[in-house]
Amino acid sequence: MKEIETVGIIGFGVMGAAIGMNAAMSGYRVVFKELNDELVQTMFDKWVVKSLEKRVAKGKITQADMDAITGMISGTSRYEALSDCDLVIEAAIEKMDLKIQIFEDLSSVCREDAILVSNTSTFLIETLMAKATHQERTAGLHYFFPANINRLVEVIRQKNTSDDTYQALMAFAEKCRKTAITVKDFPGFAINPLFISSYMVLDSFLGETYNVATLESISQEALNVRYGIMWVQNGSGLGTCYHAGVSMFDYLNGSDLGYPVVPDQLKAQFESNAPWNLTDGEVLTDPEARAKVKDRLLGNVFTIATHLVENDVVSVTDLELGVCTALAWPKGPFGMMNDLGMEETKRLIQQSVTVGDYKMPKRFQAGTPEAWEI
Ligand SMILES: NC(=O)c1ccc[n+]([C@@H]2O[C@H](COP(=O)([O-])OP(=O)(O)OC[C@H]3O[C@@H](n4cnc5c(N)ncnc54)[C@H](O)[C@@H]3O)[C@@H](O)[C@H]2O)c1
């Protein structure tokens, strides 16, 4: 298996910097590339020096630790400086043509045995690697915001990714103290299709009966979480949520899975430039009205989870682990289905099919299946 010692990062913004800091703190030498020398310095000062100074001030690390970590990271504006890297993680802005070009450029400067991966949120890895010369050494490595804290990493195998590349990435993730799950190259990969679908269905209820505070409270209760789905959307930014929803709908609505439409309420809120107002009034307590939303939300999560495993995007075990790790839900979709019982699960899935969010997963087409083996 390929040994990784030096990691290149393309784009030292919110994600790239957090990925780079995590790698440096895990013992890897890190070389990041930014657009020009000025940005190299600005990003280094902002993400490396200032963030480590804060940790020293709080007594979380010593000055000697800070010096050691700083010494592991260097920046450049030239691709040639990445020629020694064993692994290059691309975290530039989300533009397809730019990413395809980056992998073509990397192919001409990197060593023959270097592994090239993208942290894209929405594009298929195979598409981004169209002009990379060694397809077997390409893959996806999808981190979650904030990447220095959120432990989940999806290791994306595109159809040409070799076993050796995959194993080297799993070992890298483990050494970086991440929880890695294995995912097929699929629109949005595994966690985002489920999460995006869950907020789209919830947002679609916003109106006269349900305010934001009520939807937040219903999602907290349904998923048994402290921070509900409206709160999490604000954290991600409603622009990101809206565009991700559009992209998932375009990819999947016409497929064998189906996908919910992007609700007008989300579009309007994003266009207003304000986050969801989580305290916009009384929380509705009527059990029947609350159950209506809870059922749709859970049915939606159960249906997409079943589709993802039926389409071999991810295993039951990895999706359960991934949802609990990335989204901090105490139970994943399969644990929740088993707890509710398969009769009730089938009723909720049937409902999400009837309203047109999804097509019926095969497992639930004939009769009521056995509980999931997680
Ligand atoms: N922010 C998130 O929550 C999140 C989560 C998962 C994945 N992602 C993905 O990570 C990637 C980066 O997102 P971000 O939020 O860190 O963006 P960002 O805008 O904070 O950072 C992108 C950085 O890339 C640099 N850059 C652009 N073109 C470059 C090039 N050719 N060479 C070198 N540097 C270049 C920019 O100067 C900028 O600093 C995107 O593909 C995004 O979809 C983001």
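Two residues are taken to be in contact when their C-beta atoms, placed from the backbone, lie within 7 Å. The model is predicted, so local features need pLDDT of at least 70 and side-chain atom pairs count only at pLDDT 80 or more, whereas totals for chains, interfaces and linings use all residues. Residues are numbered from 1 along each chain as its sequence is written.

View A. The protein is divided into domain 1 (6–184) and domain 2 (191–364), with bounds that come from an automatic or database domain assignment. Twelve residues of domain 1 are in contact with twelve residues of domain 2. On the domain 1 side, strand 7 (152–157) and strand 8 (179–184) are the elements that give two or more residues, and strand 8 gives the most, with five; helices (H or I, at least four residues) and strands (E, at least two) are DSSP runs, numbered from the N terminus. This side of domain 1 divides into four nonpolar, five polar and three charged residues, where Ala, Val, Leu, Ile, Met, Phe, Trp, Tyr, Cys and Pro count as nonpolar, Asp, Glu, Lys and Arg as charged, and the others, Gly among them, as polar.

**View B. The shell around the ligand.** A residue belongs near the molecule if its C-beta atom, placed from the backbone, lies within 6 Å of it. Of the 22 residues around the ligand, Gly11, Gly13, Met15, Ser121 and Phe145 come nearest. Helix 1 (14–25) and helix 4 (96–109) each supply at least two residues of this shell, with helix 1 giving the most, three residues. By class, the shell holds 13 nonpolar, six polar and three charged residues.

View C. A residue is buried if 20 or more other C-beta atoms lie within 10 Å of its own, exposed if 12 or fewer, and partly exposed in between, with C-beta atoms placed from the backbone. The buried residues of helix 4 are Lys99, Ile102, Phe103 and Leu106. Seen down the helix axis, these buried residues fall within an arc of 95°, so they line one face of helix 4; the arc is that of the directions from the helix axis to the C-beta atoms. They pack against strand 1 (6–10), strand 4 (87–90), strand 5 (115–118) and helix 5 (125–128), while the face turned away from the buried side carries the exposed residues Asp97 and Ser108.

View D. Val212 lies in helix 8 (residues 212–223) and is buried, with 25 other C-beta atoms within 10 Å.
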